[in-house]
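Please examine the sequence and the structure shown below before reading on.

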Amino acid sequence: MLGIPIPLLLIALLVAGLLGVQLAGALERATTSSSHSASTSVDSLAGSGKNSAGVPVITETTLGTEVQRLIDTGTIQPMTSFDAAQCLREQNIPESILIMEEVAWGGEETSSWLLVHGPMDRETLRANGGTVSATVVLPACGTSGDGTSSQENRLWSGDVMIGPL
């Protein structure tokens with residue numbers, strides 16, 4: 001065979017086989033070790049994304065995902081002591097509320113409300129997608145006589161693109 005001694009050829013094949021086995025083992029360990037890490041469901045009560053009270057913790061980077069989840073699930077929380085319609089009037093927002101949720105805002109987990117509002121109804125939005133407005137406000141928004149301005153009650157306001165269901 002082309003002048004290569006057979007013992008040298010066998011040693012080269014043996015070394016190549018051993019290297020292949022080592023690389024395959026390393027690849028298996030590298031890809032399976034990530035599945036052994038501890039993880040919790042985002043939907044679990046105290047899991048990632050929710051605080052100890054079970055309220056979703058959102059930031060500017062997770063706001064779009066939370067709005068999409070709210071539109072998809074269609075759950076509506078009762079207003080309890082929070083007057084969302086009055087809050088929108090204070091914020092000079094003429095649109096109607098599509099959905100709202102009590103949330104914890106940012107790293108400080110400030111107790112607040114996420115108001116999703118827009119010119120269309122929720123069923124049309126779920127079917128076709130589109131752009132809605134989202135406003136995060138303090139619970140004091142909409143209460144008369146608290147001495148705070150509408151700007152002090154607003155933590156964040158902007159538009160969010162929603163995909164169809």
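Is the disulfide of Cys87 and Cys141 right-handed or left-handed, given the torsion about its S-S bond? The torsion is about 95 degrees, so the disulfide is right-handed.

## Basis of the report

The model is predicted, so local features need pLDDT of at least 70 and side-chain atom pairs count only at pLDDT 80 or more, whereas totals for chains, interfaces and linings use all residues. Residues are numbered from 1 along each chain as its sequence is written, and side-chain values use heavy atoms, with hydrogens and water left out.

## The disulfide

The count comes to one disulfide, a term for a pair of cysteine sulfur atoms within 2.5 Å. In the bond between Cys87 and Cys141, the sulfur atoms are 1.9 Å apart. Cys87 belongs to helix α3 (residues 84-90) and Cys141 to the loop between β4 and α5 (150-153), so that the pair links distant parts of the chain, 54 residues apart. Helices (H or I, at least four residues) and strands (E, at least two) are DSSP runs, numbered from the N terminus.

Cys87, at 0% relative accessibility, counts as buried, and Cys141 is buried with a relative accessible area of 1%. Buried means under 20% relative accessible area, exposed over 50%, and partly exposed in between (1.4 Å probe, protein chains only).

## The sheet

Five strands form an open sheet of mixed pairing, in the order β1-β2-β3-β4-β5; two strands pair if DSSP finds at least two bridges between them. Strands β1 (57-58) and β5 stand at the edges with a single partner strand each, so one side of each has no neighbour in the sheet. Strands β3 and β4 run antiparallel and are joined by five bridges. Leu115 has Thr135 in β4 as its bridge partner.

## Helix α2 on the sheet

Helix α2 lies across β1, β2, β3, β4 and β5, and runs at about 65 degrees to β5. Axes are lines fitted to C-alpha atoms, for helices over the stretch in contact, and angles run from 0 to 180 degrees between N-to-C directions.

Glu66, in helix α2, counts as buried at 10% relative accessibility. Leaving aside residues up to four places away in sequence, Glu66 touches Pro56, Ile58, Glu101 and Leu114, where contact means heavy atoms within 4.5 Å.

## Nonpolar cores

A nonpolar core is a set of buried Ala, Val, Leu, Ile, Met, Phe, Trp, Tyr and Cys residues joined through side-chain atoms within 4.5 Å. The largest has 18 residues, and those with the most contacts inside it are Leu63, Val67, Leu114, Val116 and Val132. Two or more residues come from each of α2 (63-73), β2 (96-105), β3 (110-118), β4 (130-137) and β5 (154-162). A second, separate core of 10 residues includes Ile93, Met100, Trp113 and Cys141.

Beyond its neighbours within four places in sequence, Val116 is in contact with residues including Val67, Ile71, Ile97, Ile99 and Val132.

## The aromatic pair

The count comes to one aromatic pair. Trp105 and Trp156 form this tilted pair, at 6.5 Å centre to centre and 35 degrees between the planes. Rings of Phe, Tyr and Trp (its six-membered ring) pair if their centres lie within 6.5 Å; planes under 30 degrees apart count as stacked, over 60 as edge-to-face and the rest as tilted. Trp105 lies in strand β2 and Trp156 in strand β5, so the pair ties together parts that are 51 residues apart in sequence. Both Trp105 and Trp156 are buried.
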